[in-house]
Amino acid sequence: MDLEATTSVDFALALRPVSVAELTVETEHEPPDLDPGTVEMSVIRFDAPALSQLPVVLGEADPVRTLTLYSGITTTNDATTAINVRGGAGDENLILLDDSEVFNPAHAIGLLSSRLNLEGPLFDGSGSWLVAGRRTYADLFLGLASDPEVQESVAYFYDLNAKANARYGATGQVMLSGYFGRDRLKVGSVASVGWGNAAGTMRWNHGFGPVFSHVTLAFSDYDYHMQSGFNARAVSLDSRVRHLSLSVDESWTLGIYYKRARHLIDYVDGADLWVSRSLETMLLEGAGRGYGLELLLRKTQGRLRGWASYTLARSNQRTPGLTEADPGINGGN
């Protein structure tokens, strides 16, 4: 074919079907922050990959601190990780790690840190384990200072997480998890402060025919120490909070709980804290307990949907007086 000018040539092609292998496209579903099918409100979700993409200066990404990027959550200053949710105080937030309460997740002096992460299978692949930890090492440079007061100073924190789970049978699973963290700050011979968290969870899931049982034993421990001076006139303050809970949840939405409390603080009748110079005479120490049964029936399908709930619970608190002659609160009962 000789072409000496602009030419248009049309060709007629026969159609023939071509069969190819099946193509499957998979993607991860990200749950919405507001799901009309649930009763949860104002839920914010973010995962580890999204957290790792945030810019960080002299440190590492903090999931608690990241919450301040959302509306309604603020912090008092840049030197703390305590958050205020919708005008609430920093100590009014409930923070759970595998159903165990972490009373104070805040850390101090976290500019330089080292991390270690180990994981592997258990029982021929029927389970897995994970151990992760980190520690700041900025305090190692304090010993290089020429000032003796700086050399005696301490500033560090560490975290340790451990988790293991194993499956057995067709519907059984056991999970163990633990968290340990501690902060220590000491300024020469002037003052020192330190706090630490310990939390552990043991969870057992098993299916008994149409009934699925979910049993969780959770333990939390938080201690705080503060000291001013290290001589004969030193003043120290120590406090501790411990929490142990056992919950049983069944697929027919049945829940049972029991909890105990010790060292509950109350005031004597007519206490005047403003003019008293002996505050210890105004405080009473007691103990308490609470237990109950919760039942929830929910229908989530069909044209008629809803739920009905029932609670049978009881709580007691006993606060005796300072002396045997002192009636305490409500006669000590």
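A: A salt bridge is a side-chain nitrogen of Lys or Arg within 4 Å of a carboxyl oxygen of Asp or Glu. The model is predicted, so local features need pLDDT of at least 70 and side-chain atom pairs pLDDT 80 or more, while totals for chains, interfaces and linings use all residues. Residues are numbered from 1 along each chain as its sequence is written, and side-chain values use heavy atoms, without hydrogens and water.

Q: What makes the contact of arginine 203 and aspartate 99 a salt bridge?
A: Their side chains meet at 2.7 Å, N to O; the limit is 4 Å, therefore the term applies.

Q: Where in the chain do these two residues lie?
A: Arginine 203 belongs to strand 9 (residues 191–208), and aspartate 99 to the loop between strand 3 (96–97) and strand 4 (100–101), 104 residues apart. Strands are DSSP runs (E, at least two residues), numbered from the N terminus.

Q: Why is arginine 203 called buried?
A: Its relative accessible area is 17%, and buried means under 20% (exposed is over 50%, partly exposed in between; 1.4 Å probe, protein chains only), so the term holds.

Q: Why is aspartate 99 called partly exposed?
A: Aspartate 99 has a relative accessible area of 39%, which lies in between the two cut-offs.

Note on methods:
Helices (H or I, at least four residues) and strands (E, at least two) are DSSP runs, numbered from the N terminus.
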